[in-house]
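I opened my notebook to keep track of what I looked up in this structure, entry by entry.

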Amino acid sequence: MKFPFIDLKTQYQTYKDEIDAAMAQVVESCQFIMGPELTALEKELSDYTGAAHAVVCASGTAALELCLKIAGVQPGDEVITTPFSFFATAEMVSACGATPVFVDIEPDSYNIDPSLIEQAITPKTKAILPVALYGQPAEMEAINAIAQKHGLVVIEDAAQSFGSELGGKKSCNLSELAATSFFPAKPLGCFGDGGALFCRDESQATLARQLLNHGQDKRYSHAHIGMNGRMDAIQAAVLRVKLRYFDQEMEKRKILAKEYDSRLEGIVTIPKLRPNRTSAYAQYTIQVDQRDELCKSLNDKGIPTAVHYPIPLYRQNVYRSMQIDPSRFPVTESVSARVVSLPFSPFLKQEDLEATVEAVKEAVS
Ligand SMILES: *Cc1c(COP(=O)(O)O)cnc(C)c1O
């Protein structure tokens, strides 16, 4: 490929001195596990999002599992979620012994359609798990209202939406619980795996901190079956540097997305933002009729593409035994065959954006 899908190298070069110094400080302190970097990062994440408590952990997947456990999701329960997401969303529901109940999505935002949620609620339903796909928050007000009416917990899978807003509030602070990811390719990425969960009660934060550290309530006293779900201190140090530049990067993301929008409007289906919100543009994703041909044509010119996601979760082999009828998900069926993500990151070069636009135009003409 002529240039990267997400330009992490330029990002590193831009903050190199500060990041190297922050990492070296952790190495010199030899405080690799727990410690002051984590505590400081948690405070900064809670300040940034407005969420009362932030708890950092080993990955977005761990954050999802911890949120589900804090919500009390147990074997036999059902969790309503979207079938159009990365596998971890449904995977962690299943890992808790619960059943993911899929609900189709909105055609414009790609997020769970709130008007279809109530009919999926049963006496076993414990929680609703919307995903802010590609960085755009779901209809959280409507979803929270449904949850309140039925006594359910809402967990936002904000793995792709850290930094976005709905109604002036930040993603990760739009529901009782939220999970985000600091996987390198996410809007705020570390140098390996990392994640965080967000909650409103001190008791939830305490339980999360215990669960991610083997269920320990005091040293060598184990009150729960937990996990090793800790974030390591080097990742926290990297994230603290990147967080300082994050709003600047978000502005660049918005400018670049607008530029793609204006050049591609009328040629392909461009991303649509619903009212009253911003997107973190974890991906810049378009829809075209001949998706695979478009990918090949761009790739042949050295332009990278990615498909998020080609296989709806109810079609995954592991869920075959659920015998879910795909015709119940007309929107997911349609868009999973049509979406393609274009090269995108705050460090995407103007000439590479232009080359991508030209290649898309040529491919669809
Ligand atoms: C990336 C992602 C996750 C998992 O995060 P990891 O940090 O890779 O474990 C979960 N849900 C969604 C929607 C994601 O995009």
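At what angle do helix 9 and helix 11 pack, and how far apart are their axes? I noted that helix 9 (residues 291-300) and helix 11 (residues 350-364) pack at an angle of about 135 degrees, with their axes 9 Å apart. That makes helix 9 oblique to helix 11, since angles under 35 degrees count as roughly parallel, over 145 as roughly antiparallel, 65 to 115 as roughly perpendicular and the rest as oblique. The contact (heavy atoms within 4.5 Å) is made by Leu294, Ser297 and Leu298 of helix 9 and by Thr356, Ala359, Val360, Ala363 and Val364 of helix 11.

I wrote down that the model is predicted, so local features need pLDDT of at least 70 and side-chain atom pairs count only at pLDDT 80 or more, whereas totals for chains, interfaces and linings use all residues. Residues are numbered from 1 along each chain as its sequence is written, and side-chain values use heavy atoms, with hydrogens and water left out.

Next I looked up the open sheet of seven strands, whose order is 1-9-8-5-4-2-3 with mixed pairing; two strands pair if DSSP finds at least two bridges between them. Strand 1 and strand 3 (99-102) stand at the edges with a single partner strand each, so one side of each has no neighbour in the sheet.

Last, I turned to strand 1 (residues 53-57), where five of the five residues are buried (under 20% relative accessible area, with a 1.4 Å probe and protein chains only), so the strand is largely enclosed by the rest of the structure. I also noted that strand 1 pairs with strand 9 (residues 195-199) in the antiparallel sense over five bridges, and that His53 stands opposite Cys199.

Conventions. Buried < 20%, exposed > 50% of the residue type's maximum accessible area, 1.4 Å probe, protein only. Helix = DSSP H or I, 4+ residues; strand = E, 2+ residues; numbered from the N terminus. Axes fitted to C-alpha atoms, helices over the stretch in contact; angles between N-to-C directions.
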